Amino acid sequence: MNTFTVDTLSKAIRKSRPMTLTALFLRMGSLYPVLRPEFLKLVDAASSVASPSEYLYQSLRPLADKIPPHLRAVFWAGEKFVPNRLSDALIRSAIDNLLTPYFLLKDEKSFWKTKKRFEREGAGIILDVVGEEALFTSEAENYLASYEYAMKTFGGKVAVKLSSLVPSISFNPSNCKENKRILKEKFAEILLLAQKYNVSITLDAEEYFKWCLLIEDVFCETVLEDRFRKMSNVGVALQAYRKDSFASAKRLLAVAKTRRYPLTVRVVKGAYWDTEFAIAEQNGWEYPLFERKEETDANFDRIISFFLQNREHIYLAAATQNPKNIAHALKEVDGDFTNFEFQVLFGLGEAVRRTLCRLKIPVSVYCPLVRQGGSILDALAYLVRRILENTAGNSCLLENL
Amino acid sequence: MKTICKNAADTKWNGAEEKKLKKEIQSTRALLRHFDIWPSIGGVEALGSKSINSANPSDTKEVLAEVFCTEIWAAERAVTLIKKSACVQEWKRKSLTERSRYLDRAADLIESKRRFFISLMILEVGKHPEDADKEISEAIDLLRAYAAEARMFEELAEKSIVSPAGEKNTTVLGPAEESAICLSIQPWNFPLAISAGPMGAALLSGYSVLYKPAEESSIIGYFLADIMYEAGIPREVLHFLPGKGETLGAYLVAHKDVKVICFTGSSLVGRKIELAVAEFNLDILPTLSRKDRYRKRIASMETGGNNVLIVDRSAERTEAIRAVLRSAFSFAGQKCSALQRLVIVDDKNGFYESFTGDLKEAIQEIRVGSPEDFGTFYGPVINRAAYVRIISVREKAWEYGAQITEGVLKNDAGDGYFIAPFLIEGLPNDHELVQEELFGPGLFILRAKTIEEAVEMANDTEYGLTGGICSRNETCMEYVRENLVVGNYYENKPIVGARVLNQPFGGVKESGGFGFKAGGVLYLLNFLREVKAFSRNTMRQGIPLDSK
């Protein structure tokens, strides 16, 4: 079992890569960096501007001399000969039909279909109700309702974003003590629901300065409460790109040891790199993340090894699609997959999932689902984050596309 | 690219920080309880009379400290001191670089007392700790930026002067006037930053400063002056003169020895100052002795605003709502940059209704109360007069048939000048209530059919300070960028919160337009003059003796 090398893994993954238009699209974004921001802006704006094609032409016109000639010809022909209404429809459907199935599930029907398919192949599913920070109370309540709905309807494992459960307008970072109390209340509500419907809960990772440390406190203090102490199907995500993440790993282990019932930790790399950078720079704060990707990768491996040595206390989910990290984890796991699984992103991690399934290695897929009554608009920030990381020059995913 | 100076870091909030600050507020309160604020003239803290109580706007029963107003004769004494003191001459003779060190030191001192100043602002003007924290960073940045600029200009003056063989040329930067006295009258809404900026720039340029803070923020003014003294600025050079604007302010503006004025405040007072300056130069100047005939001038002046944000349907909803709330309601709208008119572009697709619907829901989330409760969005308005004025605007608007949506004011808000946020719809842009600067937690909502109409509406005001648009439509953004008449323009972000060296701040039309923008790289030139250009013939007997 422990003969996986990075090379063999990469080869296997490459073999099972899906050839989709979206992959091509992403590849284009990474090949021509000048198109990348325009492409992101288009995805962001398409649903809200009157004519996305007009929008696209306008944003590309000033860049004309930087675009490779064959693409320029395509745009020029599009602008000249295709009626706007037709190209609008094309762009909208491209974003809707090409992009979304590659990143997220649009409705319940596709969720059930996907779930069945994954289960047949031996992969689990983690449901993520797509959403960002809530603005006001009614929005926060809607999110809570959609979490409850998801737990009731789909069961299994559900990812929860705590920041979507409180109205962020009245949430001042300086008001720490009160914020923590409110979040603890919300988290307790979620845990009670989880008990009621018997589902697993993992708290999602969030923005560093405003949420991250607060959520960690909330998590650690709540799971030590008597009423939740015995729940072992509760977990939290830990971002390996944080410089202080190893300290957090130690803290989580200590908490698990104290409560004497295991906790789940999903180790991820982190998806807010660019955002955190901007926030830190705008406020004059020290940058809280590793600046080089290799450092994050190394830290990821370190945390995985750390938790794997403490498997009786921590259920570990290694969320990565990077063959190097997978190979490292497999080496540490050493053929014993108790309390361990890999997690990959829906769509983007498809090749990795297939490979791991074929090798009978436990893997779950993180599936973002547009919430009941919600729209694709809720998912824009998620989409942009994913596109951003997957069109970056150093993306490991691109090697697999 | 390397910047000339780095912005100060804001506080990183966490539980420990919150606890420390709450403790500091109590100790500051205790410190102030037995504190009298006196004018500080040449190192003597006395010479005041007729005290005013500086009350906590969040709790009208709480008197913070007693402030003794400067007597006219005492102010006169300050002027005499400046004219006579050798210390003042020495200050003037120092190089820009030498003087800049004092400002850097003052900035460091403010940084070391950050929590103390936050506490002062919470207590004296009712500012939320996060806003206060940002203002303290701004004060520090202004001092450091101007200090860096001073060094930059000195270097520039040195490098740019050409001296051919046989000639030695230099140029000296400094105040143009013989007795270089600068009067600085500053407001209560940014009691630290807006006071520190002009004061610092004037001191740097070699002026002596008569500093008159607003009555409402005399305590903070006192502690700012105190920091400057601690940083080593001689007490003969900087004088702290608390008092009333109508008497003390007016007297000093017209004073024959005060030659440079910087002012931030209402447009009305600004105009009065302009008139006084013009009258002085026209009528008084010719009567002065010939050696005293330096003209009076306004170095920098920032006045009101009636600012606008345009939102179109392509705007990102959450971002736009956040931008509106922050712009209109932070510090209860008591900023010259605050949003007063929200123009929604709606081409008959229901965007107006949906966006205002969201806003109405959003203002219900805004908590108003004492800023000692960190969970509030904003605190009280500054005083009883402001309270009455703002409430009466709301009532008048109602009488005119406007539709008013109010937020909630919880009972636990306390006994202060608290006003719930309100939205006013249905008044036309040219209505007097819409046109007058509100300076409170109210927002007028206007509707336009096209982006062109929106911009026309936005520009139809006597002011031109801040403005912006929330949109993802590049054409619209470009149009607004080109055509909106404002000094500070923002896209997809709040129209308040300009940062030093990031967004140099200042308006056009009635909003100011005197001098270079605050927090910008040229600001120092409002004070600094190329006083004298020296040129010396270094040849003797037709031979250049110093040739290389």
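Reply: Happy to! Let's start with B:Val343: leaving aside residues up to four places away in sequence, it touches B:Val308, B:Ile310, B:Leu446, B:Ala448, B:Ala454, B:Met457 and B:Ala458. Keep in mind that this is a predicted model.

B:Val343 belongs to the largest nonpolar core, which has 258 residues. Together with A:Val267 and B:Tyr146, B:Val343 touches the most other members of that core. The element that gives the most to this core is helix H6 of chain B (residues 129-160), with 12 residues. There is also a second, separate core of 7 residues, and A:Leu42, A:Ala45, A:Tyr55 and A:Leu56 are among them.

Now for the place where the two chains meet. Here, 26 residues of chain A are in contact with 29 residues of chain B. On the chain A side, at least two residues each come from helices H3 (35-45), H4 (52-60), H8 (137-154), H9 (176-197) and H10 (208-223). That side of chain A is made up of 12 nonpolar, 11 polar and 3 charged residues.

Finally, have a look at a helix pair within chain B. Helix H9 (residues 245-254) of chain B packs against helix H10 (residues 267-284) of chain B at an angle of about 35 degrees, and their axes are 9 Å apart. The crossing of H9(B) past H10(B) is right-handed. H9(B) brings B:Gly245, B:Val253 and B:Ala254 to the contact, while H10(B) brings B:Val269, B:Ile273, B:Ala276 and B:Phe280. Of the residues in this contact, 6 are nonpolar, 1 is polar and none is charged.

Definitions and conventions
Residues are numbered from 1 along each chain as its sequence is written. Chains are lettered from A and ligands numbered from 1 in the order in which they are written. This is a predicted model: local features need pLDDT of at least 70, side-chain atom pairs count only at pLDDT 80 or more; totals for chains, interfaces and linings use all residues. A nonpolar core is a set of buried Ala, Val, Leu, Ile, Met, Phe, Trp, Tyr and Cys residues joined through C-beta atoms within 7 Å. A residue is buried if 20 or more other C-beta atoms lie within 10 Å of its own, exposed if 12 or fewer, and partly exposed in between; C-beta atoms are placed from the backbone. Helices (H or I, at least four residues) and strands (E, at least two) are DSSP runs, numbered from the N terminus. Two residues are in contact if their C-beta atoms, placed from the backbone, lie within 7 Å. Ala, Val, Leu, Ile, Met, Phe, Trp, Tyr, Cys and Pro count as nonpolar, Asp, Glu, Lys and Arg as charged, and the others, Gly among them, as polar. Axes are lines fitted to C-alpha atoms, for helices over the stretch in contact, and angles run from 0 to 180 degrees between N-to-C directions. A crossing is left-handed if the near helix is turned anticlockwise from the far one by less than a right angle, and right-handed if clockwise.
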